[in-house]
Amino acid sequence: MSDGFDRAPEQTRPLRAPPISQDTVPQQNSESAMAKPQVVVAPVLMSKLSVNAPEFYPSGYSSNYTESYEDGCEDYPTLSEYVQDFLNHLTEQPGSFETEIEQFAETLNGWVTTDDALQELVELIYQQATSIPNFSYMGARLCNYLSHHLTISPQSGNFRQLLLKRCRTEYEVKDQAAKGDDVTRKRFHAFVLFLGELYLNLEIKGTNGQVTRADILQVGLRELLNALFSNPVDDNLICAVKLLKLTGSVLEDAWKEKGKTDMEEIIQRIENVVLDASCSRDVKQMLLKLVELRSSNWGRVHATSTYREATPENDPNYFMNEPTFYTSDGVPFTAADPDYQEKYQELLEREDFFPDYEENGTDLSGAGDPYLDDIDDEMDPEIEEAYEKFCLESERKRKQ
């Protein structure tokens, strides 16, 4: 293999026609040359490629994953290589989780038989979940499955206990990490979001079969938010917004069940940051949007039973908000009319409502709206300041 990467293979060199000399092309007069031009044929180079050559895979791609995985762990010399290969496979193909996780857990049960092996497994998953972008959710799902299907349970702790112990080592240095340099904060933010995913996905089954979330993670997330807001630089605040968008509704429901007002305190802290902190204008906008999201019950809509059961027969206002259409004769009709379907179909066949748009909304006219193109997305500073005050005042009135 080293020879193949150390020098360029011969077949990749550009083919050049040999120089035309007096010896290879006989001289002819101009008339004969124009009548019959000479054609120079380049010599054919024999390729050294073989049909039996090994298949090429890009660097870092595991070419033997599928075959080795189907055969178990025989082709892997160490547990670390087997687990890391599976984690990389899940990163590239997250849709394979459902079909392959059972086989993976069965293989681990035959391999992870010591405390050291279990510790190594926990560390590999933790590192993947906190170092690979967008793997925190998949890592949390993986942790939840293994916590219920790994058979080993040594005195040092089962899989879930060792995982939480590993998270605690990062949690204990949260204040220093939130004040650290860019690299330290970036690593800390990855840990925070992974812990949020763990809180949502890690199921704990009680003695009676009931499924609950880990209360220790709920407490931990509250303290992590305190650490982020205590050091209100932009990336810390962005991490806090991401965490609250991810877990805010679940956390608030859990705190309300216990009679706690933690979310009220967090919202108050966000308002103080918007008014006092020296963070960027974009981050302040993110915080205000989060306050609005919480004001709308985190975007959740609870339909009333009356609305769900409303029908044209039992609700006289059923068609109140329906639009009014007109036939070709100018006769108005709504969805309440008995022949609504026929009239509406006729209307669709008669009118072309979207002549310049495809089904996906793409403008086919070829030209944009000059008025809309000139509109600046950014708000005037005075309007923006008034908007911030309005959002905060709306939140205070809502709490009253």
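Predicted model: local features only at pLDDT ≥ 70, side-chain atom pairs only at ≥ 80, totals over all residues.
Visitor: What does the chain contain, in helices and strands?

Guide: The chain has 18 helices and four strands. It runs to 400 residues, of which 32% count as buried.

Visitor: What share of contacts joins residues at least 24 apart?

Guide: Take the contacts between residues at least 6 apart in sequence. Of these, 63% join residues at least 24 apart.

Visitor: How do I read a pair of aromatic rings?

Guide: Use the distance of the centres and the angle of the planes. Here the count is five aromatic pairs. One of them joins Tyr76 and Tyr82, with 5.3 Å centre to centre and 70° between the planes. Planes over 60 degrees apart count as edge-to-face, so the Tyr76 and Tyr82 pair is edge-to-face.

Visitor: Are Tyr76 and Tyr82 buried or exposed?

Guide: Both Tyr76 and Tyr82 are buried.

Visitor: Which residues form the aromatic cluster?

Guide: Tyr76 and Tyr82 are in it, together with Phe86, Phe104 and Trp111.

Visitor: Which residues lie over the face of a tyrosine ring?

Guide: Lys174 lies over the face of Tyr171, 4.1 Å from the ring centre.

Visitor: Now helix packing. At what angle do H7 and H8 pack?

Guide: The angle is about 140°, and the axes are 8 Å apart. That makes H7 oblique to H8. From H7, the contact uses Cys143, Leu146 and Ser147; from H8, Phe159, Arg160 and Leu163.

Visitor: How do H11 and H13 cross?

Guide: Helix H11 (residues 215-230) and helix H13 (residues 262-276) cross at roughly 10°, and their axes come within 11 Å. Angles under 35 degrees count as roughly parallel, so H11 is roughly parallel to H13. On the H11 side, the residues that meet H13 are Arg222, Leu225, Asn226, Phe229 and Ser230. H13 brings Asp262, Glu265, Ile266, Arg269, Ile270 and Val273.

Visitor: Where does Ser156 lie?

Guide: Ser156 is in the loop between helix H7 (136-149) and helix H8 (159-171).

Visitor: Why is Ser156 called partly exposed?

Guide: Its relative accessible area is 29%. Partly exposed covers the range between the 20% limit for buried and the 50% limit for exposed.

Visitor: What does Ser156 touch, not counting residues up to four places away in sequence?

Guide: Ser156 touches Asp115, Leu162 and Lys165, with those sequence neighbours left out. The side chains of Ser156 and Asp115 are joined by a polar contact of 3.4 Å. Leu118 is 38 residues from Ser156 along the chain, and their C-alpha atoms are separated by 9.8 Å.

Visitor: Where are Asn134 and Trp298 found?

Guide: Asn134 is in the loop between helix H6 (115-131) and H7. Trp298 is in the loop between helix H14 (281-295) and helix H15 (305-309).

Visitor: Is Asn134 buried or exposed? And Trp298, buried or exposed?

Guide: Asn134 has a relative accessible area of 76%, so Asn134 is exposed. Trp298 has 10% relative accessibility, so Trp298 counts as buried.

Notes
Residues numbered from 1 in each chain as written. Heavy atoms only, no water. Phe/Tyr/Trp six-rings, centres within 6.5 Å; stacked < 30°, edge-to-face > 60°. Buried < 20%, exposed > 50% of the residue type's maximum accessible area, 1.4 Å probe, protein only. Lys NZ or Arg CZ within 6 Å of the ring centre and 35° of its normal. Helix = DSSP H or I, 4+ residues; strand = E, 2+ residues; numbered from the N terminus. Contact = heavy atoms within 4.5 Å. Polar contact = N/O pair within 3.5 Å; in protein donor to acceptor, adjacent residues only side chain to side chain. Axes fitted to C-alpha atoms, helices over the stretch in contact; angles between N-to-C directions. Parallel < 35°, antiparallel > 145°, perpendicular 65-115°, else oblique.
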